[in-house]
Structure formats: structure tokens, C-alpha cells
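Start with the structure below.

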Amino acid sequence: MKFLDEYRDAGMAEQFARELHRVTTRPWKIMEVCGGQTHAIVKFGIDELLPKQIELIHGPGCPVCVTPLEMIDKALEIAARPNVIFTSFGDMLRVPGSTTDLLSVKAKGGDVRIVYSPLDAVKLAEQNPAKEVVFFGVGFETTAPATAMAVYQAAQKKLKNFSMLISHVLVPPAIEALMSSPNCKVQGFLAAGHVCTVMGYEEYFPLAKKYRVPIVVTGFEPLDILQGVLMTVQQLESGRAEVENQYARAVRREGNQPAQELIKKIFKVVPRKWRGIGEIPQSGLGLNDEYAAFDAEKKFGVAESCVEESSECLSGLVLQGQIKPHECPAFGVKCTPERPLGAPMVSGEGACAAYYRYRRRPEAIATK
Amino acid sequence: MRTQKPIEFSGSCPVPISQYPHVLLAHGGGGKLMHQLIGKMFLEAFRNPLLETQHDAAVMELAGRKIAFTTDSYVVRPLFFPGGDIGSMAVHGTVNDLAMAGARPLYLSSAFIIEEGLPMETLWKIVCSMRDAVKKCGVQIVTGDTKVVDKGKGDGLFINTAGVGVIEHEQTIAPQNVRAGDAILVSGDVGRHGMAIMAVREGLEFESQIESDSAPVHEVVLDLLKAGIEIHCLRDLTRGGLASALNEIAEAAGMKIAIEEKSVPIREDVHAACEMLGLDPLHVANEGRFIAFVAAKDSDRALQILRRHDVSENAAFIGKVVEKSAPLVTLKSAIGVQRILDMASGEQLPRIC
């Protein structure tokens, strides 16, 4: 397929791998922030082409995974109410709350629907004036403009039956939180290309400087990731800590400014709890006061709950890059995609799901 | 964090599936949850040697003749889609299940569960489509049933068809007959039916219209048999796609299977649509595709025969059976690294970004 096969070329991949073997002299730990990159790495086996000294650490960039349990419970409660059409992106549906998941709420009669865009939820609200339509606004900066546009349109249309349960999160504060942790082993970052398509990458300069880490804005195809790793290693080997852009075909330094303006108009930066990590200051987006009428938490008055995570699920350590998914004792035993203990096992961007799907039996894969 | 509510049992037989107290849509998605439901509930309750072969059709002796027998229910929304409709699909699907046992399809039953309020004209269009399909397939609908349910209790129309065919050769075609070294052929590009349905259902517009691959494949199978190709197993690709079919065979045969991603034919528009939605074309449904496990020596000849037929003109060699082992399917990725090709868990859910 054009614009895709070029970035999955085995010959080119081998060239990048050779170059990496040539320039690497010491062990390096590099974190790919985004779960989409984690999946590409595991699915295509990119890490197996790297020199042994380079370890890829999987980051917290899976919006579904970091959505706090309390927020999922709120979603489940709202979705189960009569007269509500609860809309969400597909991969949120199987994420376990403290007792059940959205698919089970649907099986018991809740009107839960998958939408491909928040604007489809606005359309549903228009078509069903007698129903309350709620959208589960989850995601990083990548999806924030679409969520913002939905609120903006709903306000323009004066819709009274549309609201959003918002759990939007931001990447740079998460990198900052990881780097300031005493356990942090990460020496370089692959920043998420799609997030930077919207936001640009100016906000990464202070981070690279403060923590002396290379940050390379990287795409999602195998060759993108290999090149991103190569650029990071070249910086590390030569003692540089700069922000570089591997994904120049999609990302500009200043990002997409109309999208950023829209985000600013609708949202304000708020503290946000990350599942498995804890509260990170200034790391989330919440509705501006002007748009508070679209806040589903306020509208439905769902109670703040305080729930305990399963002690068997080590997804917090996985999300912080402290352990690899298969190092969790529950992995593949008590925790499977059919019976998940934590969100990273079911999300399309979760590291546990990637390991389970593509390499849970490494000893058996090796061909004779 | 998933706490299980105790399930109330009555009598001495506990419900064999305790993980979900209610049936989810994913239990019909062709993935692991469905296989669990079939394995733990249906297979367990109805256990017998014929059922245990877990083939697309059961093969049995009746009055000195070998016959194949199968059934399938068809629930599709919308009823009409690019490349087909529920009626033609209900004929092709059952004909194909018989073909997978190497049988010549002969007789079909057809049961209609109709929702009150379905326009008579719609029903007639579907019936006419079935009439044309049975004619094309050379089979007859010889018995049937009609039920009407209250408005809101059905999705317009559900159709169940069962089919009987005769087996006129001496080969044993079944998962248990798969051998190490067998060549694996796929009869054409994969993922088309699922993406055609999704595009219409979700109002997704692509530059070109993706048409379902719904078609009968029995003629080509009979041709392979006539040419004396040593066929060890056949499996049609439906829900769960190529990945499910390969895993089912690996499981039933106790074999390790290795395929190459680059060899699997996928149309460019289907590939693009899947990329956009974050779906894997190897997990997407098909209605006119099958895989054949043939003796390695016959692989080239089988491909030539497949490519002579319109329904399988894009047939390709995709991999081989490696060895007797714990069941496993591996895939060599585009950049040349081996990984697991797993069965999907339940339904494929489009991702966030």
C-alpha cells in the first residue's frame, strides 16, 4: 500500500539495524511514550533487530490504560441509567471497572454505542432529543481537538441533552513526572508523533534541557521507530540532549495551531489522576467554566468513589516502565484479554495486550 | 479488580462459564470467547465423535453412502450490502461449509425468522436473491420454516439454512488429518466482507466501494479433488478471519503453523480501511474465502487450479505446517521477525487514535 509499505521495508529496516549496531557502544534505556508505538514494536518485532545493549521501555501513552478506575466506574454508572445513550471509542468498552465493564452494561440493556468520532455523538444527541447522550472523552492531545470540536458544536447548536465525561491527559507532564521519579532509568525518549502533530514540539525543549535527555519525535511505522531509536542513540553516544523530529512528514515545530486554539477555548489544564501512576499536577484537560453545562459528572451528579485497585495487577509498574508485562505474576495466568485485571491487557495500545497477543510464548516462536 | 458475584446454581450441573453472567456480543464474534462458549457449553453437553471433529460440516455414513451435513444462521445488518445480501449469503455460506468437507452440496433447508413490519418487497428481493443463488450453486431448497416475531424483537430478518451433500471421493478432509510439511493456500484476498459491512454500517466512505467477497466455492474444491490433489483439510474463513481459522486448525490438529505476512493477499482499499480503524485484516470476516492444507508435493498444482476459477483467481501460498507441537500459529512480519498470530479475543473494537 502506498505511503505504508515504504515504511515497512525489510531491506531498509536491516540497514537501520546495521547502523544501530555500528553506533552503539554502551547500554541505553529508551522509552517509547506512546502505546501505539509499543504495539508496532512488539507486532513487527522491531526490538529484536536492535543491539542487545538497547532496551526499549514501554511508556504510559495508552489513554485507555491511564483513565482512572473511579472515572470508569462513573462511566459504568451513567451508562446503566435509563434514558442515556452512552457513547465511547471502541477500545474503552472492555476496560474493567471495579465490578464490571461497559460491554457487560450493554449486555444487561444499557444503551452503549461505539462511535468513531465525538462529532457522531453530537449527531446522536440531535437525532434523539428525548435522550441524554454522553460521550466518554478519553485520550491524549491527539484526540483533544475532536473532543473540543464536539463541545463547541453542541454549544453552537444549543444542545441541552449532550454532555461529556472527560478524562483527557497531556504527555509532557507525564514525562516530567517519570523523569523526576528517583526510580527512573530512562535515558532517552521517543515522543509520540501524533500528539506532536497537534501540539508541535516546543514544549519538549525545557524537558530535554532540565533532565538532560534526548527527545525524538517519532512516527509509528517500523522504519519510523528504528530511525527514532537511531537518532536517540546517536545523541546519547555523542553526549547530546536535544529535541529532534524524526516524523517531519507529519509534525511541524509549531504543530496545528487552529487545533491548539480550539483546545484552549474549550478546555483548561487541570490536575489529573493517572491509573497506576497517581495524580500528576497540570496533566489533564477539563472543561472551561463557560462550557460547564456539558460536564457529565456535574450533570449526573455521580458520586466520587474511592476504590481499591486489584493488588494482583501490576499495571502501574508496567505503565511507568518499571517492569515488562510478562514480568507480572498475573500475566497470562490470572490476567488475559478475556479476563483482564487491568486496562493494559485489553486496550489496543496497552503493553500487556501487545505482549500477550504477539509473544506470550517466546520459546515456541523460534523456528527450527 | 474484577470481583465475581457468586452465581446461583440449581440442580447438579453448574453453569460451565462463570466469568460472564450474561452473554456478550463478543461470545458470537468468532474469537476466543466464542470458542470457549462452544467448547465448554455446547461441545460438553452434546459430546459425540462426529461433533468432536469440529469441522465445518459433519461427515457420516448413511445407507452405505458418505454424506456431509451442516447448518448456519445468518444475522447481518444491513440486509443488503455491496456485493451481496443476507439471502445469497445464507446459500453461499452453507454450500461452502459442505464444500469444506469435500462434499458436493445437494439439498438445503431454509428457516426464516421475520420481524413484524418488514416490507414485503424487501422479503421478496431476498427470496429472489436466494432463488438465484441456489440455481447458481446447483442446489435445491427442499424444506423450510417461517416464524414472525414482534416488532423490535428481531433485526428485520434472520435466516437459518442447513445443508446436505454427498462425498464422492476417498480422501479424509478434516483438521485431524493435517500433516507436518503441508502447504497452506488461501483462496484469495482476505478481509473484504467485514470491511464492506463495516463501511456501510458505520457510514464510512472510502474512495472506492469495498464489495463483499460472498461467493460459493464448492466448484473449485470439487475441481481440486477431481485433479487428485491430496487435500488434508479445508476451512472457510468467516468471522474471526484468517487468524481464527488457522488457530482453530492448529488447535484441532495439535500442530505448529508458520505463515508469512507478506504472502497473504489483501486488497489495497481493505488494507487502508483497516489501518485507519486500527483493525487487523487477518482478523476481519470473509464470506467467500477458504484455506486449504495440501500435501507439499501438490502445492503448485493446487494453486494453478485455484487460479483458474474466478472466486479464487488471487489464491496464494501463505505458509506451511511446521511440526506436531502445542498448538501455535506464528507469522513472519513485514520486517522479517517472527511473532504469534493469535485468535482475536472477541469482537474487533476500533481503537481511539
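## Where chain B meets chain A

The contact takes 36 residues from chain B and 50 residues from chain A. Two residues are in contact if their C-beta atoms, placed from the backbone, lie within 7 Å. On the chain B side, α1 (32-46), α8 (268-277), β13 (328-332) and β14 (338-340) each supply at least two residues. The largest share, 4 residues, comes from α8(B). By class, this side of chain B has 18 nonpolar, 10 polar and 8 charged residues. Ala, Val, Leu, Ile, Met, Phe, Trp, Tyr, Cys and Pro count as nonpolar, Asp, Glu, Lys and Arg as charged, and the others, Gly among them, as polar.

## Basis of the model

This is a predicted model: local features need pLDDT of at least 70, side-chain atom pairs count only at pLDDT 80 or more, and totals for chains, interfaces and linings use all residues. Residues are numbered from 1 along each chain as its sequence is written, while chains are lettered from A and ligands numbered from 1 in the order in which they are written.

## The fold of chain B

Chain B has 9 helices and 14 strands. These are DSSP runs (helices H or I, at least four residues; strands E, at least two), numbered from the N terminus. Among contacts in chain B between residues at least 6 apart in sequence, 82% join residues at least 24 apart.

## Domains of chain A

Chain A is divided into domain 1 (5-61 + 171-245), domain 2 (65-169 + 257-300) and domain 3 (315-360). The bounds come from an automatic or database domain assignment. The contact between domain 1 and domain 3 of chain A takes 14 residues from domain 1 and 12 residues from domain 3.
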